[in-house]
Amino acid sequence: MTWLSIVKAEMRLRTDRRVARRIVRITRCIRRGTRCDEPTRLLDTVDLRTWTFMAKKSTEPTELTAENSARLVTSDADKVKAEKWFTRARELGSKRQFDYAIEYYVNGLEFWPDAVEEACKALHGCAVARKQTGGKKPGLKDTMKRSINDKDAKKAFLNALWLFGKDPDNVGYVEAVTKNAGKLRAEDAGLWAAGMFHKAVDSNPKATAKHLQSLITLLEALGDRAAARGETEFGVESYRVAVEVVALWRRRFPKDQNPEVLLKHISTKLTILKGAYEKGDSYRDSISDSEGQRDLHDKNRSVQSDDRMEQLIAKAEAEYQEDSDSPTAIKAYVGLLTRREHEEDETKAIGILTGVFDRLGDYRWKQSADDLRMKQLVRKVRTAAKAGDAEAVKQARIALLRVELDVFEERIEKYPTDLRLKFELGVRQFNAGRFDDAIPTLQAARADSKSRAACGMYLGRCFFRKNYQEQAISALQDAISTHGKNDDELGKNMHYWLARAQEAGGDVAGAKKTYGDILQADYNFRDVRARLDGLQEQG
């Protein structure tokens, strides 16, 4: 937006057109540095500092380029320094010393502001756990000491993260993290923070349209910068989230007309960027040689001939060999190796990822390798089931469960405050019949609002299997109340196990009623009819 358009927008709010025209002339004089002959009494009608700021602002470059949109780059030496802080922070988090853990994460992020997987997510986990254990919010002295509007973008970013760590539900703090990440050009941290901002305004009924507009502006800026850098996928994701926020604005404030305009504006950008990515109108056209254009096009196609895929893999391998520490080269090579779901290629990809982890110590590569292992085992279960081999299915499931237990236990050691990981581990412990391990794991994971209802169902089932029917009924009733839906799959399963616990506990009347509720939602659900008929026959 130019300085003149800002002035014109302001003019629409004024009834005195003559004064508005004189304000424009004053602003032009300020911009040019020339003498202003307008009557001095007009200076009383406008904040001169505001117009001076707008006039100067208009001389700044507005067109985004790859240079002025460049990401913040962190050196390998700084990453090593940051990882020392993060390692200590994880140790403190595992000991439930959340205040110190947050401090250490923030100190590490000073060296590596874009460390989303390594620090930002873990910091948020500590913040949530700290709040649940009664941690106090930052006081007035803290907010005065740690300004989120500091001129130094990095300092403001770190201050906002510290305050966010002490009060993760504060919309203002997460907004400040998102804004200052953008100023710092820590783009990955900015997109992560925007996601947290989105969740905060979605879950906070007091969030205003101003918050939503701010989030949309920040996401649009992220997308614009990504498009200028040629990072099409990142830009598409930023615009996509922005569209989701606009949809939230429309639901929250249905009478507001602004979201309609924004939706059209951002959807247009999203469509153009998607089209450029798919058709090669911008990003791929910047590749001068036709072979490079064809390679890039083929890499993004889901279906390839085997010969063409082998060519792409060979080129990706050569690029990886040239720079085996490059995340881009690693992802491209591994992505192509796993595209066809050939076990030999996937095993090779696992070896590459494991080697990168051993060499660099970056745990995300170990996570990717483990994900591939579990994917292979899931496929074996599916193949055995399709062949109708019950024994093979059983053995494949046992092998999968063993690996999953090891993987999730290791990940919780790495990220002890990640409640989603605890939920996943609790489910595997339940499936393995380790109910005494599963119960405390699920009780801890229940603090995550996203998986609270599912945690309650598995807790109830653990108590049911241990024949603690009173505790099972209580856990399942709480889960049903939390979930609030009776006709979806989770809701029906929770009611089913509640009825089973009531039946096992001798509450026949309660079991009949619960089974009847399930039948009203789904007449053919599990063995509900047979069980209800059996209870009816008993009288």
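Reader: Is the crossing of helix 17 and helix 18 left-handed or right-handed?
Author: Quick heads-up: this is a predicted model, so local features need pLDDT of at least 70 and side-chain atom pairs count only at 80 or more, while totals for chains, interfaces and linings use all residues. Residues are numbered from 1 along each chain as its sequence is written, and side-chain values use heavy atoms, with hydrogens and water left out. Helices are DSSP runs (H or I, at least four residues) numbered from the N terminus. A crossing is left-handed if the near helix is turned anticlockwise from the far one by less than a right angle, and right-handed if clockwise; for helix 17 and helix 18 it's left-handed.

Reader: And how do helix 17 and helix 18 run relative to each other?
Author: The axes of helix 17 (residues 343-360) and helix 18 (residues 363-387) come within 7 Å and cross at roughly 155°. Angles under 35 degrees count as roughly parallel, over 145 as roughly antiparallel, 65 to 115 as roughly perpendicular and the rest as oblique. Helix 17 and helix 18 are therefore roughly antiparallel.

Reader: Which helices do the buried residues of helix 5 pack against?
Author: Buried means under 20% relative accessible area, exposed over 50%, partly exposed in between (1.4 Å probe, protein chains only). In helix 5 (residues 98-111), the buried ones are Phe98, Ala101, Ile102, Tyr105, Val106, Gly108 and Leu109. They span an arc of only 165° around the axis, which puts them on the same side of helix 5; that arc is taken from the directions from the helix axis to the C-beta atoms. These buried residues pack against helix 4 (76-94), helix 6 (116-132) and helix 8 (153-166).

Reader: What is the relative accessible area of Ser238?
Author: Ser238 lies in helix 12 (residues 232-252). Leaving aside neighbours within four places in sequence, Ser238 touches Leu191, Leu219, Leu222 and Gly223. Ser238 is buried, and its relative accessible area is 0%.

Reader: What is the phi of Arg185?
Author: Arg185 lies in the loop between helix 9 (171-184) and helix 10 (187-203), and at 22% relative accessibility it counts as partly exposed. Most residues other than glycine have a negative phi. Arg185 has a positive one, near 65°.

Reader: Where is Glu341, with its positive phi of about 60°?
Author: Glu341 isn't a glycine, yet its phi is positive. It counts as partly exposed, at 38% relative accessibility. You'll find Glu341 in the loop between helix 16 (327-337) and helix 17.

Conventions:
Helix = DSSP H or I, 4+ residues; strand = E, 2+ residues; numbered from the N terminus. Expected span 1.5 Å × (residues − 1). Contact = heavy atoms within 4.5 Å. Axes fitted to C-alpha atoms, helices over the stretch in contact; angles between N-to-C directions.
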